[in-house]
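Good morning, and thank you for joining this group meeting.

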Amino acid sequence: MKSDKSARITRRHFIKQTAAGVGAACLLPGAFSHVQEEEKKILTRVLGRTGLCLPIVSMGVMNADIPAVIAESVKIGVRHFDTAWYYQGGNNERMVGTVLQNLGVRNEIVIATKIGPPASRERGLAPNAKEIFLSHFQQSLERLQTDWVDILYLHGVEHPALVTAEPLLEALAQLRKEKKVHFIGISTHRNQTQILQSMCQSGFYDVALVAYNFLMADDTELLRAMETAHAKNIGLVAMKTQAGGDWWRKDFQDTTHIEKTINQTAMLKWALRHEFFATAIPGYTNLDHMREDFSVAYGIDYTETEREFLLSADTRVGLNYCRQCRGCESTCPLGMDCSTLMRAYMYAFQYHNRDLARTILLDQVGKPALERCSQCRECTVRCHYALHASEKIAALKEADFLMV
Ligand code: SF4
Ligand code: SF4
């Protein structure tokens, strides 16, 4: 959904959002007192109606494959780990489960995992969606070596109808009744405003995992929907806070079209200065990035450099971030699902997670459409936000991502 550009935010509002800086704080359980130093307190917030008290920085495990990064995260105070049934073909959940089991900290940690709505070939809900969903969840429990997960999300919900789809609600209610799941949520990348509105209406969900970063500051409809969800006590968790991962720290600086050094902490602080987010799940993959991201848990006031970075027009255009608004899809004569192509690009070239890119291309675009796109000679796709969309599609083609 395109944002309401008429409701332009001011420069002052963009950088300030919250004067106090910190939402309602809470106390971490005793087992975590070792990380609460006298002078340097980890900022915490309550995750809506779940009542869970979380440090404002959590870990998105999606791209991580080094167990020591999870173990070290626990040591420095991370309390909430976010994974998913399909990440790394199940190995992501296995890694989380093994590390937490070895550390013996399961009771002190919040595990969130996600399972997508089982789809049929025609992209509707599969006829036996409830049974498939429950069997995927059983796999998740086994991989995570636990009897319960704290938060189970319906993964990647894009259509409001799925928010109230009976087979999924039945499966989730059953798991909650059996106490295999403590809290239920939805993760979403597209149509986020409508999904949040449907969640508020249904009253069924405890948590929403929302993609939000400073490049989406003009999306006032989404902002209002998040504020409403927060007012209804739905816990909000932020993802995509750093507009696409850690790629720029490595070898893809050229494709960002940006001169400046990318400032990760500035972007993470910007998201967390929205008090309705209890926590964010930056997807760090090594110890340096873990320390950099977690430094934000100690304070969200901007440094002068961070402020400059966020205010620079150069930064905003250059990051080339796709907000999944679908505005470009009408510019493709074949009606391709271009925003999924953009997301696949981010996973393939920014996260360096090629398996995930292939999975979402196959699941969400489908083989026949990918073949048609791969044979199309001239890409006419134009982004409403001046993103280099056709360059990204060309890169996917060149790397054979559309030949599946
Ligand atoms: S290459 Fe052709 S089919 Fe593919 S997205 Fe571009 S215009 Fe559409
Ligand atoms: S490429 Fe641009 S128009 Fe297309 S979905 Fe992304 S942000 Fe929207």
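Predicted model: local features only at pLDDT ≥ 70, side-chain atom pairs only at ≥ 80, totals over all residues.

Let me begin with ligand 2, which is surrounded by 13 residues, the closest being Cys-322, Cys-325, Arg-326, Cys-328 and Cys-383. A residue is taken as near a molecule if one of its heavy atoms lies within 4 Å of it. The shell of ligand 2 comprises 7 nonpolar, 4 polar and 2 charged residues. In this division, Ala, Val, Leu, Ile, Met, Phe, Trp, Tyr, Cys and Pro count as nonpolar, Asp, Glu, Lys and Arg as charged, and the others, Gly among them, as polar.

Residues are numbered from 1 along each chain as its sequence is written, chains are lettered from A and ligands numbered from 1 in the order in which they are written, and side-chain values use heavy atoms, with hydrogens and water left out.

Around ligand 1 we find residues including Cys-332, Cys-373, Cys-376, Cys-379, Ile-393 and Lys-397. That shell divides into 9 nonpolar, 1 polar and 1 charged.

I turn now to the chain as a whole. It has 16 helices and 10 strands, which are DSSP runs numbered from the N terminus (helices H or I, at least four residues; strands E, at least two). Of its 404 residues, 58% count as buried, meaning under 20% relative accessible area, whereas exposed means over 50% and partly exposed in between (1.4 Å probe, protein chains only).

Which residues of α13 meet α16? They are Leu-341, Met-342, Ala-344, Tyr-345, Phe-349 and Gln-350, and their partners in α16 are Ala-389, Lys-392, Ile-393, Ala-395 and Leu-396. Contact here means heavy atoms within 4.5 Å.

Finally, consider Ala-119, in the loop between β5 (110-115) and α4 (129-144). Is Ala-119 buried or exposed? Ala-119 is exposed, with a relative accessible area of 52%. Leaving aside neighbours within four places in sequence, Ala-119 is in contact with Gly-124, Leu-125 and Ala-126. Ala-119 and Ala-129, 10 residues apart in sequence, are 7.4 Å apart in space, C-alpha to C-alpha.
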